[in-house]
Amino acid sequence: MSDELTITLPDGTPKKVARGTSVADFIRMQIGTGLAKAALYAKLDDEELDLTRPLERGGALKVFTNKSPEGLDLIRHDAAHVVASVVQRLFLGTQVTIGPSIEDGFYYDFYKETPFTPDDLARIETAANEEIKRDQAFVRRELSKDEAISFFQNKGEKFKVEIVEDIFAKGARTLTVYRHGDWTDFCLGPHAPSTGRIGFIKILSSSGAHWRGDPRNPMLQRVYGTAFFSKAELEAHLARLEEAKKRDHRKLGKDLGLFTFHPFAPGAAFWEPKGTTLYTVLSNAMRRLLLKNGYVEIKTPLLFNRGLWEKSGHWGKYKENMFLVEDSDTKEHDFSLKPMNCPSHHLYYSMKKYSYRDLPLRFHSQDVLHRNESSGTLGGLTRVRQFAQDDAHIYAAESQITDEVKRFVGLLEVIYKAFGLTYSAKFSTRPNARLGDDAQWDRSEAALKTALEATGLAYEIKPGEGAFYGPKIDFDVGDSIGRKWQLGTIQLDYLAPERFDLTYVGDDNREHRPVVIHRAIYGSFERFIAILVEHYAGAFPVWLAPVQATVLTLSEKYVDYGRAVLGRLTDAGARVELDESADKLGAKIRNAEIMKIPYLLVVGEKEASAQTVAVRGHGGKDLGTLPLEAFTKQLSAEGNIPF
Ligand SMILES: [Zn+2]
Ligand SMILES: [Zn+2]
C-alpha cells in the first residue's frame, strides 16, 4: 500500500498527500487557510467526513461551508444534539430517542411524563444558545456492540438501547458516537468541528408523537426547532414562515371565493364561480399554446375495464390507488376510474395505423383523473383525489427525441416566465432496476442531455433516479417567497410501446416502435392553482384575475353610468363587476381591496358627464382619471394571455 494518496479537488486538480493526513490539515495545506476556517465537513466521493477524520484513500474531495445548503443541514443536526443535551440537563429523568434534521430545521423526540410548556421551550432555547457560546468540540468515537449497549444501559436510555440493538442486528460492527461537553449520542455523523459553528438555535414548538409512530407505543414529546448561521438569517426565515401563513391557499381560497370542500366528497374541490374562471383561464391558455405548437386535443373515457389496466400494469402495481367500480353486468368491481391519461392515450394510438410521416404525434388531454389517496393525507388543493393535468403524450421516432425535448422546454420556459416563476432542471438517469439494454439507455440519456444543454438551462444530475422505463427531467420552480415546488416533467418511456404493441411504418416500409414521451408543465391544475394563489398572495395579474375591475358608484345617482361602464368593458371581453349598493365609497373600496381586484373604477358626477373613470390600482394606488375608451383599451391589452 502506497503512503501517498491522490485527492482530486472539485475543479479537477489532483493533489498528493500522505495517508493519514486529517481532512482539516489537507484543506489548510493544499487549498488554503480561508477555506480551512470556513469548512464544516467534507465529502470524499460519497463518504461524509468530519474535518478531524484521517484521509485513508484517494478520491474526489468536496468541502462544505456555511455557504451551502448541506452546511445548513449539518448545523441543524448539530443543533439537535445540543438541544437534547440541554433538555437532559434541565429536565432530569428525560430519556432521548431520535432527532433528525428535517426541511427547514430539526426535531428531537424525548420520553418525558409531561409535555413541555411554552416556558420550558424558552428555557431550552436560552440554554441551547449558551451551549453554542461555549464552543465545545464534537468528538467522534467508535464503540463495539458490548461497549455501546452497556454505555446506554448505564444511562438508563431504554429507547437508545433498543435502537442500538437493532443497528447491530442489521449487521453493523461498530457504533459511532459523538460527544460535545459531557453529553454523548450515537449517530453516523458527520458533525461540525464545534458547537460554536451553529450560529443560532430557535425552538419553534412541541407536540406529542408515538415512539416509532405506533399508537400502541409510549407517547414521546417532540421538540421542533431550527438553526441558522446568523440571527438575521433566522429572522428572515421566520418572516418567510409568517408570510407563507398569510398566503396559505386554503385560507385565501376561502376568502377570495375560489373553491370549497364538503365532507361528502373528500379531496375533491367545489370550484366556485371565481375559482372556475381562474381554472378556465389557465386551462384555455394552455390549450391554445399547445394547439399552436403542433399538439392535438383528445378526450378519452373516464371509466375503463380492467383489461386496460392489466395491459398497462396498473392492475398489478397501482390498484390500491384506483377507485374500482362495479360492472352492472358481472357485478364484479372490474372497472376503474382512470388515475392517469397515459394508458388511454396509448390505447387510442394502437387503434390506428401510422407511418413515419405522421410522427411525432402529440395528444393533449385535460381529462378528470381520480386517485384513491387515503383521506388522512388530504388537505387543500395540494393533496386531492380528483384533479386534472395539462397532460400530453408524444409518440415519436427515436431520432426525434432531441427536437421534442427542446420544443417542450421552450414552451415550459415561456409559461414559467409568464408567471414570474424561476425554474431549474433535474436530470434523472438510469436506475439499477430498469428495463431495456444499455445501448438504448445510452441513446435516450444522450438525447435528453443534448436537448437540455441546448436550452442553456442550469441543471442538476440525479444519478439512478430515472423511471425504470426511461430517463426523465423534472423542473423545480421557485415562487415569490423563495419556496421550491416540483412542477414540470418530461419522461421518456420505452416500456409502454412494448406493452401496447405500438408501431409505425418507417420509410423502409417496415414496422418500428415509437418512443412515448410523457410531459406536463403545470402538473395538476389543482396543485398549480394552490401554488399560484400563494405565489401572488391572491393578487393575480390582470390576465389571470377572476375579476379584473370593479365599478364603484359614488351614489345611486350614478348607477346608470356605472352600468354603462360595466357594459362597455364586458363587451370588450373584460371580467368586470359593479358595486351599485348604497354603501359608502370607503366600504366599497375596502371590499374590493379584500377581494384583491386589480382595478377599482370610481364613477360620480364628473366621470358620468365626461365619460371617464377614476382608476385606483389594488393597494390604493391612484392611477388618475381616464376616458372610458382609453381604459377599455388598456384593460383589454393587459388581459391578453402572455403566452
Ligand atoms: Zn449526530
Ligand atoms: Zn403519462
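The dialogue below goes through a predicted model and asks what its labels rest on.

Student: What makes up the secondary structure of the protein, and how far do the C-alpha atoms extend?

Tutor: There are 20 helices and 35 strands in the protein. Along the principal axes, the C-alpha atoms fill a box of roughly 85 × 75 × 60 Å. Of the 643 residues, 50% count as buried. As for contacts between residues at least 6 apart in sequence, 67% join residues at least 24 apart.

Student: Why are His393 and His518 called buried?

Tutor: Buried means under 20% relative accessible area. His393 has 0%, and His518 has 11%. Both values are under the cut-off, so both residues are buried.

Student: And Glu373, what makes this residue buried or exposed?

Tutor: Its relative accessible area is 19%. The cut-off for buried is under 20%, so Glu373 counts as buried. Glu373 is found in the loop between strand E21 (368-370) and strand E22 (386-388). Leaving aside residues up to four places away in sequence, Glu373 touches Leu378, Arg383, Val384 and Arg385.

Student: How do you know that strand E31 is largely enclosed by the rest of the structure?

Tutor: Five of the five residues of E31 (residues 549-553) are buried, so the strand is largely enclosed. Ala549, Val551 and Thr553 point one way from E31, while Thr550 and Leu552 point the other way.

Student: Why do E31 and E32 count as paired?

Tutor: A pair needs at least two bridges. Ala549 has Val576 in E32 as its bridge partner.

Student: What makes E10 and E11 a pair?

Tutor: Strand E10 (residues 175-180) and E11 have four bridges, where at least two are needed, so they pair. Their sense is antiparallel. Arg179 stands opposite Thr184 in E11. The hairpin of E10 and E11 has two residues between the strands, and Gly181 takes a positive phi near 60° there.

Student: How do you know that both faces of E11 are covered?

Tutor: Trp183 and Asp185 lie on one side of E11 (residues 183-186), Thr184 and Phe186 on the other, and all are buried.

Student: What makes one space a cavity and another a pocket?

Tutor: In a cavity a 1.4 Å probe fits but cannot get out, whereas a pocket is open. One cavity of 30 Å³ or more is counted. The largest cavity has a volume of about 100 Å³. Its lining includes Leu256, Lys274, Gly538, Phe540 and Lys596. By class, the lining of this cavity has eight nonpolar, one polar and two charged residues.

Student: What lines the largest pocket?

Tutor: This pocket holds about 1,100 Å³ of space. Its lining has 40 residues, of which Met340, Cys342, Arg371, Gln389 and Tyr469 lie nearest the centre. Elements giving two or more residues to this lining include E23, E30 and helix H12 (342-350). E27 gives the most, with six residues. The lining has 15 nonpolar, 14 polar and 11 charged residues.

Student: And which residues lie nearest the centre of the second largest pocket?

Tutor: They are Glu103, Asp104, Gly482, Arg483 and Lys484, out of 16 lining residues. The volume of this pocket is about 970 Å³. Helix H3 (69-90) and helix H7 (231-247) each give two or more residues to its lining, and H3 gives the most, with five. The lining divides into six nonpolar, two polar and eight charged residues.

Conventions:
Residues numbered from 1 in each chain as written. Chains lettered and ligands numbered in written order. Predicted model: local features only at pLDDT ≥ 70, side-chain atom pairs only at ≥ 80, totals over all residues. Heavy atoms only, no water. 1 Å grid on protein atoms, 1.4 Å probe; cavity = no way out; pocket = protein on both sides within 12 Å on 5 of 7 lines; lining within 4 Å. Points joined across faces, edges and corners; volume = space filled by probe spheres on them. Nonpolar A, V, L, I, M, F, W, Y, C, P; charged D, E, K, R; others polar. Buried < 20%, exposed > 50% of the residue type's maximum accessible area, 1.4 Å probe, protein only. Contact = heavy atoms within 4.5 Å.
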